[in-house]
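Here are my notes on this model, in numbered points, for you to read beside the coordinates. I have put the cut-offs next to the terms as they come up.

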Amino acid sequence: MKTRLLLSLFVLAGCSPITNYQTIVKTPAPQSLEGVWRTSGPQSGLVSKDAVGYLIIDPAGNTLDCRQWQRVIAKPGKLSRIDDQWVNVNHQVRIMPLTRENGMLHYDRLILTKVSSPSEACQKALAEAKAQPEAETIQNIEIDGQ
């Protein structure tokens with residue numbers, strides 16, 4: 001019991017003893033988390049007041065954290081459940097809790113709302129992530145008009 005409690009505290013504090021992405025168990029997404037989530041307006045978790053963040057969660061539990069401003073940085077990951085907490089885990093084994101509250105998703109210092117589709121640039125990053133399943137980060141996406 002103590003071990004499980006300590007593991008939970010490490011995970012929630014970002015000090016996870018988990019060091020291998022391949023050992024993380026991917027969990028199918030519940031309908032309440034599945035879909036495309038987007039920031040709106042300036043947020044402290046983004047680099048600029050003009051930056052936009054997306055979190056894409058597919059039914060199988062694959063995720064893509066896509067942030068765009070002057071360029072796109074997208075990090076593939078997987079949805080998992082650790083001690084009754086939904087988390088997104090990326091290839092760097094960064095574990096970020098997901099919490100739904102009043103129709104909003106709280107994730108990595110961001111507040112996101114569900115939208116019908118990601119931006120064109122994040123759609124390209126998603127396609128690239130599917131084409132390169134072992135890629136840790138997708139950064140080669142051009143933003144049209146820049």
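1. The barrel. Eight strands close into a barrel in the order β1-β2-β3-β4-β5-β6-β7-β8, with antiparallel pairing. Two strands count as paired if DSSP finds at least two bridges between them.

2. Please keep in mind that the model is predicted: local features need pLDDT of at least 70, side-chain atom pairs count only at pLDDT 80 or more, and totals for chains, interfaces and linings use all residues. Residues are numbered from 1 along each chain as its sequence is written, and side-chain values use heavy atoms, with hydrogens and water left out.

3. Overall layout. The protein has 2 helices and 8 strands, and along the sequence they follow the pattern α-β-β-β-β-β-β-β-β-α. Helices (H or I, at least four residues) and strands (E, at least two) are DSSP runs, numbered from the N terminus. Of the 146 residues, 42% are buried, where buried means under 20% relative accessible area, exposed over 50% and partly exposed in between (1.4 Å probe, protein chains only). Contact means heavy atoms within 4.5 Å; among contacts between residues at least 6 apart in sequence, 54% join residues at least 24 apart.

4. β1 and β8. Which strand does β1 (residues 35-39) pair with over 4 bridges? The partner is β8 (residues 110-115), in the antiparallel sense. Within this pair, V36 stands opposite V115.

5. β3 and β4 run antiparallel and are joined by 7 bridges, T63 being the bridge partner of G77 in β4. The hairpin they form has 3 residues between the strands. β4 then joins β5 (residues 85-90) through 6 bridges, again antiparallel, with K78 partnered by V89 and L79 by N88. Between β4 and β5 the hairpin has 2 residues, and D83 in the turn has a positive phi of about 50°. β4 is mostly covered, with 8 of its 11 residues buried. In β5, 5 of the 6 residues are buried, so β5 is largely enclosed by the rest of the structure.

6. R94 lies in the loop between β5 and β6 (95-101). Is R94 buried or partly exposed? It counts as partly exposed because its relative accessibility is 42%. Leaving aside neighbours within four places in sequence, R94 is in contact with N88, V89 and D108. R94 and T19 are 75 residues apart along the chain, with their C-alpha atoms separated by 9.4 Å.

7. Helix α2. Residues 120-131 form α2, which lies across β2 (52-57), β3 (62-68) and β4 (72-82) and runs at about 140° to β3. For such angles, axes are lines fitted to C-alpha atoms, for helices over the stretch in contact, and the angles run from 0 to 180 degrees between N-to-C directions.

8. The largest pocket. A pocket, on a 1 Å grid over the protein atoms alone, is an open set of points where a 1.4 Å probe fits, with protein on both sides within 12 Å along at least five of seven lines; lining residues have an atom within 4 Å of a point. The largest pocket has a volume of about 370 Å³, a volume being the space filled by probe spheres set on the points, which are joined across faces, edges and corners. Its lining has 18 residues, with N62, P76, G77, A129 and P133 nearest the centre. β3, β4 and α2 each supply at least two lining residues. By class, the lining divides into 7 nonpolar, 6 polar and 5 charged residues; Ala, Val, Leu, Ile, Met, Phe, Trp, Tyr, Cys and Pro count as nonpolar, Asp, Glu, Lys and Arg as charged, and the others, Gly among them, as polar.

9. The second largest pocket. About 290 Å³ of space lies here, lined by 17 residues, of which L46, V47, R67, Q68 and I73 lie nearest the centre. The elements giving two or more residues to this lining are β3 and β4, and β3 has the largest share, 3 residues. The classes here are 7 nonpolar, 4 polar and 6 charged.
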